[in-house]
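Trainee: Could you walk me through a few features of this model? I would like to learn how to read them.

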Amino acid sequence: MGDDVSKGPPASKQVDPSAETLSGFRMLDIRTDRLLSSWLREAGIPDGALKANELAPDFLLPEADGKLVSSLELRRAAPLIVTFVYGTWSPLCTVGLRALQKATFRIRAAGATTIVITPEAGELPPNFKRDRRLDLKILSDLDLGVSLSFGLVSVVPADIKSHLLRRGLDLCAPHGFSFWMLPMPAIYVLDQRGIIRRAFVGPDSITGAKTDTLLAALSEIGWA
């Protein structure tokens, strides 16, 4: 699952979604994904992210329908799977969320809750959830505060920013603020105390996610 920084089994790196799974996406967005992933791998951003056995910060964020969701309430009730994405424009993240959607029944049967955190605001998250028919809680990290608290945010360098703008992607518009910052894709499994039991961080973590790996983590917690 990308750069696995947990104590669980190592996962394959540099997972590249197949042409079949990426069919229907704009080639412009696919190339943008690959550009960002290459930059983040080279920059080594995951090194500063929260890791397994550390305490995850609690947060309160609005869901796609505007309702505030408390991570404290969710994880006290059951283990919590927290997924961070670039945004709804990203084919990489969309493919990963499709896989997560397919695993929803098994994850819920194991007693866990899954949430998705995007830096986007406004109508983008609810429209994405509706259009992709996702039965997932999608929360808006309006100022990237939660992503920052997990150590996942990096400032987009000038050369990458120029590439993105030339390709028609202005991150300021969907994010709702003028700073060019981006969260690293990641998946965290939290127990009821808020301790991180698994931390899969990196540009490949979202597409490399394996249901069995998540269920194994829940089993260790005692919920699968």
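This is a predicted model: local features need pLDDT of at least 70, side-chain atom pairs count only at pLDDT 80 or more; totals for chains, interfaces and linings use all residues.

Trainee: Which residue forms a tilted aromatic pair with Phe150?

Mentor: The general idea comes before the case. A pair of aromatic rings is described by the distance of the centres and the angle of the planes. Here, Phe150 pairs with Tyr188 in a tilted arrangement, 5.0 Å centre to centre and with 55 degrees between the planes. This pair links distant parts of the chain, with Phe150 in the loop between H6 and S7 and Tyr188 in strand S9 (residues 186-190), 38 residues apart. Tyr188 is buried, as is Phe150.

Trainee: How many aromatic pairs does a search of the whole structure find?

Mentor: The search finds five aromatic pairs. Another of them joins Phe59 and Phe150, and that one is edge-to-face, at 6.4 Å centre to centre with 70 degrees between the planes. Phe59 sits in the loop between H1 and strand S2 (60-62), and Phe150 in the loop between helix H6 (145-149) and strand S7 (153-155), so the pair ties together parts that are 91 residues apart in sequence.

Trainee: Is Phe59 buried or exposed?

Mentor: Phe59 is buried, at a relative accessible area of 8%. Phe59, Phe84, Phe150 and Tyr188 together make up one aromatic cluster.

Trainee: Now the helices, please. What is the angle between H1 and H7?

Mentor: Two packed helices are described by the angle between their axes and the distance between the axes. For helix H1 (residues 27-43) and helix H7 (residues 158-166), the angle is about 175 degrees and the axes are 11 Å apart. Angles over 145 degrees count as roughly antiparallel, and H1 and H7 are therefore roughly antiparallel to each other.

Trainee: Which residues in H1 and H7 meet?

Mentor: From H1 come Thr32, Leu35, Leu36 and Trp39, and they meet Ile160, His163 and Leu164 of H7.

Notes:
Residues are numbered from 1 along each chain as its sequence is written. Side-chain values use heavy atoms; hydrogens and water are left out. Axes are lines fitted to C-alpha atoms, for helices over the stretch in contact, and angles run from 0 to 180 degrees between N-to-C directions. Helices (H or I, at least four residues) and strands (E, at least two) are DSSP runs, numbered from the N terminus. Angles under 35 degrees count as roughly parallel, over 145 as roughly antiparallel, 65 to 115 as roughly perpendicular and the rest as oblique. Contact means heavy atoms within 4.5 Å. Rings of Phe, Tyr and Trp (its six-membered ring) pair if their centres lie within 6.5 Å; planes under 30 degrees apart count as stacked, over 60 as edge-to-face and the rest as tilted. Buried means under 20% relative accessible area, exposed over 50%, partly exposed in between (1.4 Å probe, protein chains only).
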